[in-house]
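Thanks for coming. Please have a look at the model on the screen before I start.

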Amino acid sequence: MDIRTNTILGWILAALFVALGLGNLSHLYFKSEKLEKPGFPIEGAVEASEAGPAAPEVPIEVMMASADVTQGAEVFKKCASCHTVTQGGANGIGPNLWATVGAAIAAGKGGYAFSDALKGKGGKWDFATLNEWITNPRKFASGTKMSFAGLADPAARANVIAYLNAQGSNIPLPPVPAAAAANTLTTPEDPPLDGNAGAPADAAAPAEAE
């Protein structure tokens with residue numbers, strides 16, 4: 001092996017040692033650290049743990065106290081492709097819903113062919129049962145023929161139930177549970193300026209609930 005070949009090999013080895021040394025130095029200089037949370041933060045996004053647990057479902061009795069029949073009529077438009085709601089109306093894909101609130105579940109309705117799953121539920125269509133049914137029909141009666149996915153909005157459910165109740169049922173609204181009623185009470189945000197705990201003498205008395 002001549003001197004020229006030895007020189008070339010020497011330079012190659014030297015270059016390899018230099019590259020190896022630079023690689024080790026760059027690894028130390030650009031040391032990566034494990035992220036506490038993977039990914040990148042997105043402005044406006046809140047993690048589930050930071051947002052806290054989901055708010056508890058408002059009892060249907062509370063929602064019915066403020067339900068609006070007119071808004072319920074708008075919600076019912078989603079149902080009109082399968083159901084009629086007029087007195088004596090014909091059954092369609094689904095049964096006629098006249099006088100449904102308070103009626104027996106899966107019975108009557110001009111001989112409509114209800115599913116066995118719904119027939120097996122028994123009982124009546126009271127406010128709570130209707131709320132459960134409209135929330136998720138398939139969960140309420142696994143095997144039901146009803147293809148509607150359900151209404152997630154409690155206010156929308158209360159409104160449409162109030163509308164159905166006005167179509168031939170007109171049964172009294174359910175009373176609000178005492179615990180739920182207590183949670184709706186509010187207190188003044190600021191105390192009286194004079195420090196007295198009582199209300200001013202000229203304050204009007206609260207109206208009684210109807």
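I will go from the chain as a whole to single residues.

This is a predicted model, in which local features need pLDDT of at least 70 and side-chain atom pairs count only at pLDDT 80 or more, while totals for chains, interfaces and linings use all residues. Residues are numbered from 1 along each chain as its sequence is written, and side-chain values use heavy atoms, with hydrogens and water left out.

The chain first. Its secondary structure comes to nine helices and zero strands. Helices here are DSSP runs of H or I with at least four residues, strands are runs of E with at least two, and numbering starts at the N terminus. The pattern along the sequence is therefore α-α-α-α-α-α-α-α-α.

There are 210 residues in the chain, and buried ones make up 23% of them. Buried means under 20% relative accessible area, exposed means over 50%, and partly exposed is in between, with a 1.4 Å probe and protein chains only. The accessible surface of the chain is about 15,600 Å², and carbon and sulfur atoms account for 61% of that. Those areas come from the Shrake-Rupley method with a 1.4 Å probe, and for residues only the protein chains shown count as cover.

On contacts, meaning heavy atoms within 4.5 Å: of those between residues at least 6 apart in sequence, 48% join residues at least 24 apart.

Now helix α6, residues 127-135. Which of its residues are buried? They are Phe-127, Thr-129, Leu-130, Asn-131, Trp-133 and Ile-134. The cover over them includes α3 (60-65), α5 (116-119), α7 (137-140) and α8. Thr-135 is also in α6, but this residue is partly exposed, because its relative accessible area is 32%. Setting aside neighbours within four places in sequence, Thr-135 touches Ala-149, Gly-150, Leu-151 and Arg-157. Thr-135 and Ala-149 are 14 residues apart in sequence, with their C-alpha atoms 8.1 Å apart.

Next, helix α8, residues 154-165, which holds Leu-164. Leu-164 counts as buried because its relative accessible area is 6%. Beyond neighbours within four places in sequence, Leu-164 is in contact with Phe-76, Val-85, Leu-97, Val-101 and Ser-169. Val-85 is 79 residues away from Leu-164 along the chain, and their C-alpha atoms are separated by 7.8 Å.

On to the aromatic rings. A pair of aromatic rings is described by the distance of the centres and the angle of the planes. Rings of Phe, Tyr and Trp (its six-membered ring) pair if their centres lie within 6.5 Å; planes under 30 degrees apart count as stacked, over 60 as edge-to-face, and the rest as tilted. How many such pairs does the structure hold? There are five aromatic pairs. In one of them, Phe-76 and Tyr-163 have ring centres 5.4 Å apart and planes at 45°, so this pair is tilted. Phe-76 is in helix α4 (residues 69-76) and Tyr-163 is in α8, so the pair ties together parts 87 residues apart in sequence. Both residues, Phe-76 and Tyr-163, are buried. Elsewhere, ring pairs link Trp-125, Trp-133 and Phe-140 into a cluster.

Then the charges. Side chains of opposite charge can pair when their charged atoms come close. A salt bridge here is a side-chain nitrogen of Lys or Arg within 4 Å of a carboxyl oxygen of Asp or Glu. The whole structure has one. Glu-74 forms a salt bridge with Lys-77, and the closest N and O atoms are 3.1 Å apart. Glu-74 is partly exposed at 47% relative accessible area, while Lys-77 is exposed at 55%.

Last, the cysteines. A disulfide is a covalent bond between the sulfur atoms of two cysteines. The rule used is a pair of cysteine sulfur atoms within 2.5 Å, and by this rule the count is zero. Cys-79 is partly exposed at 22% relative accessibility, and Cys-82 is partly exposed at 27%.

That is the end of my part.
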